[in-house]
Amino acid sequence: MLLSEFPDIHWLKKAIQQNFSEKRSWDNKPLPAMGWPTAILNVKTKQVERTDIKGPFSLFLNLAGKSQVTCDQKSVQLNTDTYLLSNHGQHYDLLINEKQSTETFNIHFGEKLYQDTIHTLTKSDDQLLDEPCTQVIKFNQCVRTHFRGPQFNTLVEKVQANYQNEEKESSLFDLLSYLLIENNKQLRQTENLFSVRSATKEELIKRIYLSVDFIHSNFNKPITLDQLAEVAMLSKFHFLRTFKSIFKVSPHQYIKQIRLQKAIALIKEDQLPLYLVAQQVGIENGSSLSRMMYQLTGQRPSSFTSN
């Protein structure tokens, strides 16, 4: 279901409460089954407020502009560089209040697609032959922003290109698989924390992700270790130890990786001069950017320029 406007919120909440038992979409088209259908909200708007919606496993991102998403009382600001995932059954708010239009590309993954994908990813071939029916599996991840890397962007572009043709299901499966696998990797990383008590570990993760959200929103500005520790509400070296335990790199190295990803995207997509790319990603000049790019990738900026 590809929608260019947000469904009436009263209809939507009633349909969710009834688990879409009438098997009809917002535009009265038949749905294949009960439960949340797969829906893409590709909407251009300057203002919208959608509150307390119990969603499926969902992906929130913007093709243009900014939005604010709140889950579990945590609000994050999304721009065109970041995305957010909400858990199956989690309540979310979506707020857009901008002078320029925001274009969303939010994907609510249908319950059957979500469960079938998890089932396929977590079972061996032998198990899939013996247990072809999907078992309900819960997947939970912390509310946080994620930086949009090249592989993610490519998968989203495939969904955009194929949603109206026979490759739709394959493209959605590939994107959902990527999201689940990547987040499972990140969840495993948190097992490296020094803390033993699970409650302490959860609190540390939430605080570190506050700093990650800050980096994703401000990577093109000077960021100090003291700033990040303050955002995370931790002492400087406690923050540093915990961050490195989770991400295997220092905050400074993480920021450099984010700047590099953005710089390569700008060089590839917009063909901008190097000094302008450097300005947009928070690096002092084109020479410094070229040097950093070579140190981290072994390639010069010209290698990423399309012929």
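**Exercise 1.** Which helices do the buried residues of helix 10 pack against?

*Solution.* Keep in mind that you're looking at a predicted model.
- Step 1: find helix 10, which spans residues 274–281.
- Step 2: pick out its buried residues, which are Val277, Ala278 and Val281.
- Step 3: look at where they sit around the axis. They cover an arc of only 100°, so they end up on the same side of helix 10.
- Step 4: look across from them. The buried residues of helix 10 pack against helix 9 and helix 11, the latter being residues 286–297.
- Step 5: check what comes after the helix. Gly282 follows helix 10, and its phi is positive, near 85°.

**Exercise 2.** Describe how helix 6 and helix 9 pack.

*Solution.* Two numbers get you started: packed helices are described by the angle between their axes and the distance between those axes.
- Step 1: locate the pair. Helix 6 runs over residues 198–218 and helix 9 over residues 251–270.
- Step 2: give the numbers. The angle is about 40°, and the axes are 10 Å apart.
- Step 3: Helix 6 and helix 9 make a right-handed crossing.
- Step 4: name the residues that meet. Helix 6 brings Val212, Ile215 and His216, while helix 9 brings Tyr254, Ile255 and Ile258.
- Step 5: sort the residues of this contact. Five are nonpolar, one is polar and none is charged.

**Exercise 3.** Is Ser290 buried or exposed?

*Solution.* 
- Step 1: Ser290 is part of helix 11.
- Step 2: compare its value with the cut-off. Buried means under 20% relative accessible area. Ser290 has 15% relative accessibility, so it counts as buried.
- Step 3: see what it touches. Leaving out residues up to four places away in sequence, Ser290 touches Leu274, Arg300 and Pro301.

**Exercise 4.** Now try a loop residue: where is Asn87?

*Solution.* 
- Step 1: check the strands on either side. Asn87 sits in the loop between strand 7 (82–86) and strand 8 (91–104).
- Step 2: check its accessibility. Asn87 comes out at 6%, so it counts as buried too.
- Step 3: look for a partner further along the chain. Gly55 is 32 residues away from Asn87 in sequence, yet their C-alpha atoms are separated by 7.8 Å.

**Exercise 5.** How many helices and strands does the protein have?

*Solution.* 
- Step 1: count the elements. There are eleven helices and ten strands.
- Step 2: Of the 307 residues, 46% are buried.
- Step 3: finish with the surface. The protein exposes about 16500 Å², and carbon and sulfur atoms supply 48% of that.

Note on methods. Residues are numbered from 1 along each chain as its sequence is written. This is a predicted model: local features need pLDDT of at least 70, side-chain atom pairs count only at pLDDT 80 or more; totals for chains, interfaces and linings use all residues. Side-chain values use heavy atoms; hydrogens and water are left out. Axes are lines fitted to C-alpha atoms, for helices over the stretch in contact, and angles run from 0 to 180 degrees between N-to-C directions. Helices (H or I, at least four residues) and strands (E, at least two) are DSSP runs, numbered from the N terminus. A crossing is left-handed if the near helix is turned anticlockwise from the far one by less than a right angle, and right-handed if clockwise. Contact means heavy atoms within 4.5 Å. Ala, Val, Leu, Ile, Met, Phe, Trp, Tyr, Cys and Pro count as nonpolar, Asp, Glu, Lys and Arg as charged, and the others, Gly among them, as polar. Buried means under 20% relative accessible area, exposed over 50%, partly exposed in between (1.4 Å probe, protein chains only). The arc is that of the directions from the helix axis to the C-beta atoms. Accessible areas come from the Shrake-Rupley method with a 1.4 Å probe; for residues, only the protein chains shown count as cover.
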